[in-house]
Each structure stands twice: as structure tokens, then as C-alpha cells.
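Please look over the sequence and the structure below before reading on.

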Amino acid sequence: LIRPLVCARYVIVFASAVHHGGDGSLIAVILQCLLRSCQKLHPSMLLIDRALIREALASSLAVMLVFVALFVAVSLVNILAKAAVGEIPAGIIFVLLGLRTVHVLGQILPLALFIGILLTLGRWYRDSEMAVLAACGIGIRHFVRPLLLLAAGFTLVASLFALYLSPLAIGLTAKAKSENVNRQEVSGIAPGVFNEIKDGGGFFY
């Protein structure tokens, strides 16, 4: 995302180093001039900020999808095991699976954002893009503001899940289980005989 700008800096540094025998002071001057020209075009280095936000967001969403896939696989096995012994009706397996996923998303989002930011910054350091930006006068502190903006967006979404969607999913889960238990009790009534209420609470005819 920022490689065209980074590659241009590499080309200028390389050409200057070759032509002047690796004069570090001249290279630094060229980089500073390039930084000033970039700041005139983009006063707040918005191109780099947007690149960081896009890449961190993409990495965070990819991590979140992996976590959700793992959670769905483990939860599905757990629900199927309970359905096999009759604790959960077979008709609401996927309903419970979806509600459980909604309930846990609020906890997955912050972790996914943290890992996504680490992956993004790690790649930039590995590809020496952070070194080039540091040579141009752009340190790690410059990226605090765009990362805080990204974190604010994730915080709003996580708060929505934690404060509204997660309690709603818990309530719907309990309601679905209760309705299916009552439906099973009614369907098990045999006419003309005494029927015992579940858990031994009494009999009715």
C-alpha cells in the first residue's frame, strides 16, 4: 500500500549513494527534501495513515475470521455432543451455534485488533519500510493517531456486541432452550393415561 512511496525513496537513496560513494549526510538531506515535498502534498501524511489503517484492518479481520472459524468448529462439536445425549434438541443446533458466535464476538474483536496491528507493524519492519520512514523523519509515534482511530472503531463495535448483542444472544439462547423443552413435554403426553411431569413435579391425566 505504501510501497510506491517507499520504493521511490529507495531509488533516490540508492542513486545518491552510488553517485557520491555512500555519503550519508547527502542521503539524509535528500530524504529530508523528499519528506518536505510529501508533506506539501499530504500535510498530515494521510497517505501513510490510510495505508496503515487499511492494512491493519485487513489483518485484524483475517485474524478475527480465523478465531471465529476455530470457535465455531469447537462449539459445533460441543453442541452435537450434547444433542447426541438428548440435552439439546436437534432442531436448534445451528440456532444455538449462531447465538454463541454472536456472544463471543465482543471478546474476539479486541484480541484480533491487537494481533492485526502487531502483524502489520512486524511486516513493515521486516520489509524495512519503517526504517525508510524513520530516515524521512517519521517515527513510530506518528502512527499513534491512525491506530487510535482504528481502535476507536473497534471499540464501538465491541461495545455494541458487549452491551446489546451479547445479552440479547444469551436471552434468545435461554428462550430457545425453554421453548423446545416445553414442546418436547407436550409432544410426549399420551392420552388416556397418567403422565408424570418432568423432574417428578407431579402427574396429570
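The model is predicted, so local features need pLDDT of at least 70 and side-chain atom pairs count only at pLDDT 80 or more, while totals for chains, interfaces and linings use all residues. Residues are numbered from 1 along each chain as its sequence is written, and side-chain values use heavy atoms, with hydrogens and water left out.

**The aromatic pair**

The structure holds one aromatic pair. Rings of Phe, Tyr and Trp (its six-membered ring) pair if their centres lie within 6.5 Å; planes under 30 degrees apart count as stacked, over 60 as edge-to-face and the rest as tilted. The ring centres of Trp-124 and Phe-143 are 5.7 Å apart and their planes stand at 80°, so this pair is edge-to-face. It links distant parts of the chain, 19 residues apart: Trp-124 belongs to helix α4 (residues 93-126), whereas Phe-143 lies in the loop between α5 (129-135) and α6 (144-187). Helices (H or I, at least four residues) are DSSP runs, numbered from the N terminus.

Trp-124 is buried, at a relative accessible area of 0%, and Phe-143 is likewise buried at 0%. Here buried means under 20% relative accessible area, exposed over 50%, and partly exposed in between (1.4 Å probe, protein chains only).

**The salt bridges**

Side chains of opposite charge can pair when their charged atoms come close. A salt bridge is a side-chain nitrogen of Lys or Arg within 4 Å of a carboxyl oxygen of Asp or Glu. The whole structure contains five salt bridges, among them those in the table.

| Salt bridge | N to O distance |
|---|---|
| Arg-145 and Asp-49 | 3.1 Å |
| Arg-123 and Asp-127 | 2.7 Å |
| Arg-126 and Asp-127 | 3.8 Å |

The bridge between Arg-145 and Asp-49 links distant parts of the chain, with Arg-145 in helix α6 and Asp-49 in helix α3 (residues 46-84), 96 residues apart. Arg-145 is partly exposed at 43% relative accessibility, whereas Asp-49 is buried at 5%.

Asp-127 takes part in a bridge with Arg-123 and in another with Arg-126. Arg-123 is buried, at 15% relative accessibility, while Arg-126 is exposed at 60%. Asp-127 itself is partly exposed, its relative accessible area being 26%. Through salt bridges that share partners, Glu-55, Arg-123, Arg-126, Asp-127 and Glu-129 are joined into one network.

How values were computed
Helix = DSSP H or I, 4+ residues; strand = E, 2+ residues; numbered from the N terminus.
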